Amino acid sequence: MALLAKRTIPGASEVSVTLLHGNKPQTAAFTGELARALDEKQYERGYGPCLQAAESTSSLIVPDTGTEQRWPGWAQTAAQAGAHSSLSVGLPVHEHVTGALNIYATTPDAFDDDAIAIAQTFAGFAAVGLANAHLYETQATLAGHMQKAMENRAVIEQAKGIIMGERRCTPEQAFAILSKMSQDSNRKVRDVASAMVENTRRPQP
């Protein structure tokens, strides 16, 4: 996505994508070290055009980093690094995740009205793609947790069955025994159950 933006948006020298989850920003993609480094400088300071664009999901242009007064410390760093103008377009990715498409140029006043319009159009498509990716990741994570929970339950049920068979007790009593073993050994119930099942599966000498 960043590479496509670099090829598509007039005046773009380097491009990055900032994702802001809560108060934690990160650069999800970048076309060159200049873009990544200038993003990181903003994260370190806690302010800058890409962060403000991400927080407000608006568009922010820095016509000339050499004269920029809103973020003077960052702007001076950008100018010294060779980025003399920038454009950040907010990305409404998800309810709890926002972002910004950051375009850096090596010349001042690199982004005219047409470039801004193209960047905003591109950002709209990018936001949809990122939202879908975030949804997929969230669902994949949830599915992974559910799978893990099912595996944990299965091994605990097996261990309960072993205890019930050995001690002729009820499922509730078996779980109470398993819980006490967990407390006594300072291990998770799942780990105690797994060890018990594994030990039962081993051939007896």
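## Exposure classes and the overall chain

A residue counts as buried under 20% relative accessible area, as exposed over 50%, and as partly exposed in between. Gly-161 has a relative accessibility of 37%, so this glycine is classed as partly exposed. The model discussed here is predicted.

The protein chain contains seven helices and five strands. Along the sequence, these elements follow the order α-β-β-α-α-β-α-β-β-α-α-α. Of the 205 residues in the chain, 39% are buried. Among contacts with a separation of 6 or more, 55% are between residues 24 or more positions apart.

## Helix H2 against helix H4

Two packed helices are described by the angle between their axes and the distance between the axes. For helix H2 (residues 33–45) and helix H4 (residues 72–81), the angle is about 160° and the axes are 10 Å apart. H2 is therefore roughly antiparallel to H4, since angles over 145 degrees fall in that class. The crossing of H2 past H4 is right-handed.

On the H2 side, the contact is formed by Leu-34, Leu-38, Lys-41, Gln-42 and Arg-45; on the H4 side, by Gly-73, Trp-74, Thr-77, Ala-78 and Ala-81. By type, the residues of this contact are five nonpolar, three polar and two charged. An α-helix has 3.6 residues a turn, so residues three or four places apart point the same way.

The buried residues in H4 include Trp-74, Thr-77 and Ala-78, and these three residues also belong to the contact with H2. Ala-75 and Ala-79 are buried in H4 as well. Just after H4 comes Gly-82, with a positive phi of about 105°.

## Helix H2 against helix H3

H2 also packs with H3, with axes that come within 8 Å and cross at roughly 75°. The two helices are therefore roughly perpendicular to each other, as the range for that class is 65 to 115 degrees.

Here Asp-39, Gln-42 and Tyr-43 of H2 meet Pro-49, Cys-50 and Leu-51 of H3. The contact residues divide into four nonpolar, one polar and one charged. Gln-42 of H2 takes part in this contact, and Gln-42 is also listed in the contact of H2 with H4.

Helix H3 spans residues 49–56, and its buried residues are Pro-49, Cys-50, Leu-51, Ala-53 and Ala-54. Pro-49, Cys-50 and Leu-51 are the H3 residues named in the contact with H2.

## Glu-14 in strand E1

Glu-14 is located in strand E1 (residues 14–21). With a relative accessible area of 17%, Glu-14 is buried. A polar atom of the Glu-14 side chain lies 3.2 Å from the backbone nitrogen of Gly-32.

Apart from neighbours within four places in sequence, the contacts of Glu-14 are Lys-6, Thr-31, Gly-32, Leu-34, Ala-35, Asn-102, Ile-103 and Tyr-104. One of these residues, Leu-34, is also part of the contact of H2 with H4.

Most residues other than glycine have a negative phi, and most peptide bonds are trans. Thr-57 is not a glycine, yet its phi is positive at about 50°. Thr-57 follows H3 and lies in the loop between H3 and strand E3 (59–62). Its relative accessibility of 38% makes Thr-57 partly exposed.

Asn-186, also not a glycine, has a positive phi of about 55°. Asn-186 sits in the loop between H6 and H7, and at 71% relative accessibility it counts as exposed.

Arg-187 lies in the loop between helix H6 (171–185) and helix H7 (189–201). At 41% relative accessibility, Arg-187 is partly exposed. Residues up to four places away in sequence aside, Arg-187 touches Ser-182, Val-192 and Ala-195.

Gly-161 and Phe-175 are 14 residues apart along the chain, and their C-alpha atoms are separated by 9.5 Å.

Notes
Residues numbered from 1 in each chain as written. Predicted model: local features only at pLDDT ≥ 70, side-chain atom pairs only at ≥ 80, totals over all residues. Heavy atoms only, no water. Buried < 20%, exposed > 50% of the residue type's maximum accessible area, 1.4 Å probe, protein only. Helix = DSSP H or I, 4+ residues; strand = E, 2+ residues; numbered from the N terminus. Axes fitted to C-alpha atoms, helices over the stretch in contact; angles between N-to-C directions. Parallel < 35°, antiparallel > 145°, perpendicular 65-115°, else oblique. Left-handed = near helix turned anticlockwise from the far one by under 90°. Contact = heavy atoms within 4.5 Å. Nonpolar A, V, L, I, M, F, W, Y, C, P; charged D, E, K, R; others polar. Polar contact = N/O pair within 3.5 Å; in protein donor to acceptor, adjacent residues only side chain to side chain.
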